[in-house]
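Hello,

Here is the structure we talked about handing over. My notes follow below it.

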Amino acid sequence: MSYHLVWFKRDLRLHDHAALHAASRRGPVLALYIVEPGLWQQPDAARQHYEFVRESLADLQRELQHHGGQLLALQGEATEVLTRLWQAAPFASLHSHEETGNGWTYARDQAVARWCHARGVPWQELPQFGVVRALRNRDHWQGAWEELMAAPVLDTPALHFAPLPCASEPLPPYSALGLDPHDPPRRQRGGRARGLAVLRSFLDERARHYRGGISSPLSAPTACSRLSAYLAWGCLSLREVVQATRERSAFSENARLKAGLHAFHSRLYWHCHFIQKLESEPAIEFDNMHRGYDGLREGDFNAVHFEALTAGRTGWPLVDACVAMLRETGWLNFRMRAMLVSVAAYPLWLHWRPVGEWLATQFLDYEPGIHWSQLQMQSGTTGINTTRVYNPVKQALDHDPQGRFVRQWLPALRRVPDSWLLEPWRMPASVQDSCGVRISQEWPQPLVDLETATRAAKQRLYERRGQASVRAAKAGIVQKHGSRRRPEGTTKRAVPASPDRQLSLDW
């Protein structure tokens, strides 16, 4: 019996699933998920990602059973698993979404393409986000995004399932894949049902606090949409979220809710804008987007600084509180993420690649395209974005002036008086003794003098940026990766925005 194989990857749902729709129109389908040991051994993989996927697969299995089928889960590298299936029962075609993943998945997909070509098996990959394969430039990208987001959301099709050619294999425990045992105890749980509940609560109520609430780490956990993990792992489709947001905004009479939904909608556009950068240039996961910045930080990597950052022992309370929250929840709001990268890149003078690998494992919603684009933007190596340097003391004063966030996540500082909490290293010895927090004992001295180290870092960056060859290469990067703007009220061709006015997701 001929059948059509649907390979689920980071698209763990049936609703608005273009590859499933395409396969179902051709005949019986078989739903496959492959546990790939090589994927989970990559430095950007974490146990929390795997557990979220397991929870999402359980939800997907329930959906498939509701429609009369089941999920075939097999373990092994992709071409090996496809060979086993092909030998047991050859399939007529392979269907999946277009994945913009890390370098490992890119190489794996190339291997799968060669496997399909050698056997004459057509492999149809269909867009999941507003990301365009083989894009020459950004001139018409915005129109393509709008067209895809305006197309009808695909309901789960009527499905005719092929018999399983072999028994499904139990999902291995995380330890069998070599993953670190840490799993944030308060992270979000996976599955489409949970994602839909989060979406409803945001659209109906929480969006009214979006504007003005997403910057502070105190208000952000409820003011932000909290949909990022469900989009990153494909429990929800971006298109259904875009259309649900537009519909809720159109029918809402609450001004604050409408304003929040409008601001959120713009960030859904930015989501794809940044993923497109990695799709168009996969090397930016490993290399500076602007090669004129090669050698800027690489030779000065300070392992002591990196270890202190990842352990939450930098001595700057807001930084260390953010690291503690990440370890507990797997999530942090956009401004605090940007601050972490800024602190790493400037006063600590760390190259973005190892910092990015660490943060990838800490973020439950790790999306490679957004992640590596943002790491480079916040580190100043894109060559087209304004330099962003976040002072952790000023950020604390702006977004946690009473120190509630710091005290919540750093028990060691709870007895420190308000006037010293955000800069405890300045406490007189008598105050240290009275509150029981002695600098360099109960609390670390900052790794560097913040003002001096930041000034020196900015000077080194500006000197490199001012070189004639670096300035000359900027135009080519804008042409390839820069956002476009349309003149207001016109349909004229979009033109590159000024390098200093490029879109910023800003996390």
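I started with helix α3, where 14 of the 20 residues are buried, so the helix is mostly covered, taking buried as under 20% relative accessible area. Its length was checked too: at 1.5 Å a residue, the 20 residues of α3 (residues 47–66) should span 28 Å, and the C-alpha atoms at its ends lie 29 Å apart, which agrees. After α3 comes glycine 68, with a positive phi near 95°.

Please keep in mind that this is a predicted model. The average pLDDT of the protein is 94, and 95% of the residues score at least 70. Two stretches should be treated with care. Residues 487–491 have a pLDDT below 50, and this stretch has 2 contacts in the model beyond near neighbours in sequence. Residues 498–507 also have a pLDDT below 50, but here the model shows 48 contacts beyond near neighbours in sequence. Where pLDDT is low, the predicted coordinates should not be read in detail.

The other item is a helix pair. Two packed helices are described by the angle between their axes and the distance between the axes. For α6 (residues 141–150) and α10 (residues 238–251), the axes come within 9 Å and cross at roughly 80°. An angle of 65 to 115 degrees counts as roughly perpendicular, so α6 is roughly perpendicular to α10. On the α6 side the contact is made by Trp145, Glu146, Leu148, Met149 and Ala150; α10 contributes Leu238, Arg239, Val242, Gln243 and Arg246. By type, the residues of this contact divide into 6 nonpolar, 1 polar and 3 charged.

Regards

Conventions: Residues are numbered from 1 along each chain as its sequence is written. This is a predicted model: local features need pLDDT of at least 70, side-chain atom pairs count only at pLDDT 80 or more; totals for chains, interfaces and linings use all residues. Side-chain values use heavy atoms; hydrogens and water are left out. Axes are lines fitted to C-alpha atoms, for helices over the stretch in contact, and angles run from 0 to 180 degrees between N-to-C directions. Helices (H or I, at least four residues) and strands (E, at least two) are DSSP runs, numbered from the N terminus. Angles under 35 degrees count as roughly parallel, over 145 as roughly antiparallel, 65 to 115 as roughly perpendicular and the rest as oblique. Contact means heavy atoms within 4.5 Å. Ala, Val, Leu, Ile, Met, Phe, Trp, Tyr, Cys and Pro count as nonpolar, Asp, Glu, Lys and Arg as charged, and the others, Gly among them, as polar. The expected span of a helix is 1.5 Å times one less than its number of residues. Buried means under 20% relative accessible area, exposed over 50%, partly exposed in between (1.4 Å probe, protein chains only). pLDDT is the predictor's confidence in each residue, from 0 to 100.
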